Amino acid sequence: MLELNNLLLRFIIKNMKITYNLIYVILSIILMYFTTKYIATEHSEIIFLTEDTLHSNRTETLSLTFGEYHKKADILFQTLVGNEKVINIMTNAFVNINNHEELQNIRNELFNYINPYFENLKTQGFIERINFHLPNATSFLRMHKKDSYGDDLSKFRKTVIEVQKNKKIIRAIETGLRSVYPIINQNNQLVGSVEICVSFKQIRENVEKSLDGHVYFIFRDKVFGSAKVENAFLSKNFYHFKDEINIINNNEHLTIKNCFLNITDQLSKDNIFQDDLEQNQSFYKLMHYLDDKYFLSFFPLKDLEKNNLGYMVFFKQEDVFNIRESIYYERITFAISLIFISMLIILFLINKLNIAVKQENKLKIKNSTFEKLEEISNLAIIIYNLNTKTVSMNSQAREIFGITEKVIDEPINDFKWIIKKFARGNFRALKEFVSIINNSQESRKFNCLVNKNNEQITIEGKSKLDIDGDEKILYIIFSDITKEKQYQLEIENLLKVIDNNVIVSKTDLNGLINFASHKFVTISGFSKHELIGSKHNIVRSKDTDISFYENLWQTIFHGREFQGVVKNIAKDGTEFWLKKSVSPDYKNGEIIGFTDISYDITTQVKFEELSRAVKTIFDAQSSMIVMIKKREVTMANRKFLEFVGYENVIEFNKNVSSIAKLFINGNDLLSPSEDLDTKDCIHKLIADNHDRDVIVKMRNNFKNIDEVFNIDVSFIHDNYSISYVISFTNITGLFQDKVHYKYQATHDILTDSYNKSYFNDMLQHHISNFHRYDEHFSVIIFDIDHFKKVNDTYGHLVGDTTLITLSAIVKSLIRESDIFARWGGEEFVVLTTHTRLTQSMQLAEKLRTTVEESDFPVVKNISISCGVTEVMKNDSVSTLIKRCDDALYRAKRGGRNRVEAN
């Protein structure tokens with residue numbers, strides 16, 4: 001651009017130079033005429049070319065901006081979001097996809113790992129959002145909004161659906177600029193996806209900084225819904241995006257907003273503009289508003305299916321209109337100048353004043369052309385006239401240095417004007433510019449720091465001396481490269497992260513290593529000097545089959561990416577495993593080498609080997625064995641899985657929330673309540689059963705029978721949690737024998753009620769509870785009236801039948817918590833828990849009347865007499881029973897078939 005301007009300026013000046021010879025006056029007039037016509041024509045072409053160039057440059061800047069965000073997203077995915085740790089976390093989430101409590105723990109782990117990097121990158125404007133999804137297109141974690149998750153994305157997020165369906169990276173505009181990546185584990189299994197997103201707001205801010213203008217977004221009315229659009233724009237299909245229209249309401253932005261709304265309101269009446277909107281192509285419009293002229297560039301925004309979502313509109317006041325309008329006046333000006341110059345030439349021959357007039361006109365033409373051509377560029381330019389000692393600056397240069405004057409005509413022999421104008425901390429720049437002026441005979445490049453609006457920026461440029469006869473002009477052209485420096489620094493930092501954390505190597509076509517990252521040097525144990533120039537077989541293990549490398553070379557030489565896992569040997573003989581991804585490098589369409597990006601999976605491989613060994617030991621045990629961590633079964637031997645009827649622990653955990661749910665209630669068994677989970681159950685085993693065997697009953701789904709087991713619990717501690725190992729020993733036969741013997745020891749064989757010995761034990765237990773907890777109870781003793789007559793009349797067999805029938809009647813009338821026992825012969829006793837004397841007397845009366853009204857085999861009717869008493873302070877078994885016996889004696893003396901209390 002600079003060379004073109006210099007050539008054009010030199011052409012204008014040299015073709016305007018008039019000799020002092022009158023012979024060339026007529027020739028000069030004719031030449032000036034054609035020069036004027038040529039300049040006006042060329043100038044017009046430059047103006048219209050400039051409009052297209054401006055639009056093309058802005059389109060290219062937008063593409064570069066989008067491209068930079070995609071590159072940054074790729075680097076971020078390779079180094080942070082798609083590394084082995086995140087893949088393992090997402091694999092764990094996939095395995096526990098239906099365990100909401102465990103998913104929350106996994107979500108917190110992922111958030112804590114990513115968040116420090118995310119906050120730093122977000123602060124730097126690197127990204128806006130990182131979102132993780134489960135394989136069923138459910139939101140798993142939003143880094144910017146941690147507590148919002150679990151929503152179904154399948155109905156409105158096409159990018160996520162496509163990535164998870166095809167396992168390929170997708171970049172598209174979808175409520176922001178999004179790069180979506182599949183997360184695939186070492187088994188080539190999709191365990192989720194992640195998106196790295198930049199918002200429209202961030203895009204707008206970056207583009208506005210790059211192009212020094214204003215950006216607005218318009219969208220079709222169906223893209224975001226009525227909540228996101230403002231119904232006041234363009235056509236029936238396109239609307240303002242509220243997030244962009246509702247900008248800060250200060251005077252400057254309010255004026256810009258109103259201006260934009262008025263211009264677009266004018267455009268909405270233009271049928272050609274309506275057609276342009278529907279073409280889904282970029283275009284620009286030139287508009288007048290009040291006394292100013294504006295240049296609007298429209299850039300289409302397309303979704304994943306290339307459908308038009310809307311446009312990004314770049315909006316700026318441009319001086320290109322002034323240049324266009326000046327074309328028509330310039331021809332008249334040059335025509336008048338032609339006559340005027342001719343007169344000056346004649347006058348010069350008369351009074352020798354032609355030189356001064358010529359220099360003045362040359363400077364005017366040069367400055368005018370310079371301003372018109374350079375004010376529309378992004379270069380800052382300072383022109384120093386060594387003859388007149390004056391300095392001219394375009395708007396970009398004035399903005400950088402905070403100077404308002406276009407031309408400074410003060411002498412600068414001692415550089416006082418520089419000190420005066422630049423002295424705001426720009427002393428390094430001052431020193432550089434003084435050096436340039438002092439050595440103005442030499443062309444040179446320079447780079448220095450400048451304070452702009454209290455912020456330090458970096459400028460880079462070149463100086464060049466232009467000599468035309470006696471006139472010397474020094475051009476100093478420079479630009480702000482601060483953003484480029486920042487990008488370069490970000491890339492260098494990312495490359496350092498990759499070098500230190502990612503195993504990367506590059507080879508030529510012969511497989512010779514020409515680059516090795518620091519991580520590769522560390523894991524292999526070889527120095528860079530040893531690795532460079534060697535092949536990868538320097539770390540090759542003899543255990544790796546040759547077919548692995550044959551397949552690798554065949555794949556990459558055909559231009560495809562190779563992925564695989566390989567075992568290697570470090571310099572010290574240590575084994576390590578790598579998950580490799582090797583892809584070809586291209587130049588001019590030809591393969592020139594290969595890049596190998598690997599991940600260290602040594603720990604994972606060794607863990608899997610250990611897991612297989614432990615599982616083999618588990619499966620070899622005769623007992624059922626289960627390992628539990630964080631309330632979930634993590635390992636179980638084959639014997640246990642066959643018992644519960646599941647193929648693996650994953651299926652078991654999906655269907656059984658706690659191993660305690662398998663336990664069946666029963667006497668002398670561990671019978672947890674419905675809300676007791678595995679962890680609580682294990683703690684109950686430890687706390688309540690440390691001094692006796694713990695026995696549970698479970699359903700054998702393989703044999704379809706109930707079996708009884710003795711449980712033993714062991715603990716495995718690590719740095720973060722405790723794992724429980726539970727072994728189940730089958731004692732079904734022993735338990736059945738124990739139950740049988742216990743039953744015989746506590747029950748009366750004839751009536752199937754408790755015996756006297758068991759009743760005395762329970763009576764002593766309840767007396768102790770009464771003394772300790774004030775738990776009241778009562779006792780009823782009754783016998784059959786004239787039972788000896790039944791035996792004498794009908795025989796003992798009928799007497800036994802009568803006792804059995806009476807026992808059945810009593811059992812049907814008392815509560816499950818009450819204790820009924822045969823005291824001896826025809827005498828029985830009932831302990832009524834949590835009752836007072838009045839309630840027990842009511843029960844005794846009910847027993848008496850029911851027996852009296854019942855029909856007994858053979859004997860038909862019998863009656864009973866009852867004695868009732870309530871436990872009292874300082875009672876013992878003997879005192880309580882004696883008091884009850886006394887009441888029974890009074891009932892018999894009172895005529896039998898009655899109830900008495902004591």
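This report covers helix packing and aromatic pairs in a predicted model.

## Overall make-up

The protein has 902 residues, and 46% of them count as buried. Its secondary structure comprises 29 helices and 32 strands.

## Helices H3 and H4

Two packed helices are described by the angle between their axes and the distance between the axes. Helix H3 spans residues 84-95 and helix H4 spans residues 100-123. Their axes lie 9 Å apart, at an angle of about 165 degrees. Angles over 145 degrees count as roughly antiparallel, so H3 is roughly antiparallel to H4. The crossing of H3 past H4 is left-handed.

On the H3 side, the contact uses Lys85, Val86, Ile89, Met90, Asn92 and Ala93. On the H4 side stand Leu103, Ile106, Glu109, Leu110, Tyr113 and Ile114. By class, the contact of H3 with H4 has 9 nonpolar, 1 polar and 2 charged residues.

Helix H26 covers residues 787-794, and helix H27 covers residues 796-813. Their axes come within 7 Å and cross at roughly 135 degrees. That angle makes H26 oblique to H27. H26 brings Phe787, Val790, Asn791 and Tyr794 to the contact. H27 answers with His796, Val798, Gly799, Thr802 and Leu803. The contact of H26 with H27 has 5 nonpolar residues, 4 polar and no charged.

H27 also packs with helix H28, residues 837-853. Here the angle is about 140 degrees and the axes are 10 Å apart. H27 is therefore oblique to H28. The crossing of H27 and H28 is right-handed. Leu806, Ile809, Val810 and Leu813 of H27 touch Leu843, Lys846, Leu847, Thr850 and Val851 of H28. The contact of H27 with H28 divides into 7 nonpolar residues, 1 polar and 1 charged.

## Stacked phenylalanine pairs

The structure holds 19 aromatic pairs. One of them joins Phe283 and Phe298. This pair is stacked, at 4.6 Å centre to centre with 5 degrees between the planes. Phe283 belongs to strand E9 (residues 283-289) and Phe298 to strand E10 (residues 292-302), so the pair ties together parts that are 15 residues apart in sequence. Phe283 and Phe298 are both buried.

Phe782 and Phe828 form another stacked pair. Their rings are 5.7 Å apart centre to centre, with 20 degrees between the planes. The pair links distant parts of the chain, 46 residues apart. Phe782 sits in strand E28 (residues 777-784), while Phe828 sits in strand E30 (residues 827-833). Phe782 has a relative accessible area of 0%, so it is buried. Phe828 is also at 0% relative accessibility and therefore counts as buried.

## An aromatic cluster

Ring pairs also build a cluster. Its members are Phe640, Phe643, Tyr646, Phe652, Phe709 and Phe728.

Technical notes:
Residues numbered from 1 in each chain as written. Predicted model: local features only at pLDDT ≥ 70, side-chain atom pairs only at ≥ 80, totals over all residues. Heavy atoms only, no water. Axes fitted to C-alpha atoms, helices over the stretch in contact; angles between N-to-C directions. Helix = DSSP H or I, 4+ residues; strand = E, 2+ residues; numbered from the N terminus. Parallel < 35°, antiparallel > 145°, perpendicular 65-115°, else oblique. Left-handed = near helix turned anticlockwise from the far one by under 90°. Contact = heavy atoms within 4.5 Å. Nonpolar A, V, L, I, M, F, W, Y, C, P; charged D, E, K, R; others polar. Phe/Tyr/Trp six-rings, centres within 6.5 Å; stacked < 30°, edge-to-face > 60°. Buried < 20%, exposed > 50% of the residue type's maximum accessible area, 1.4 Å probe, protein only.
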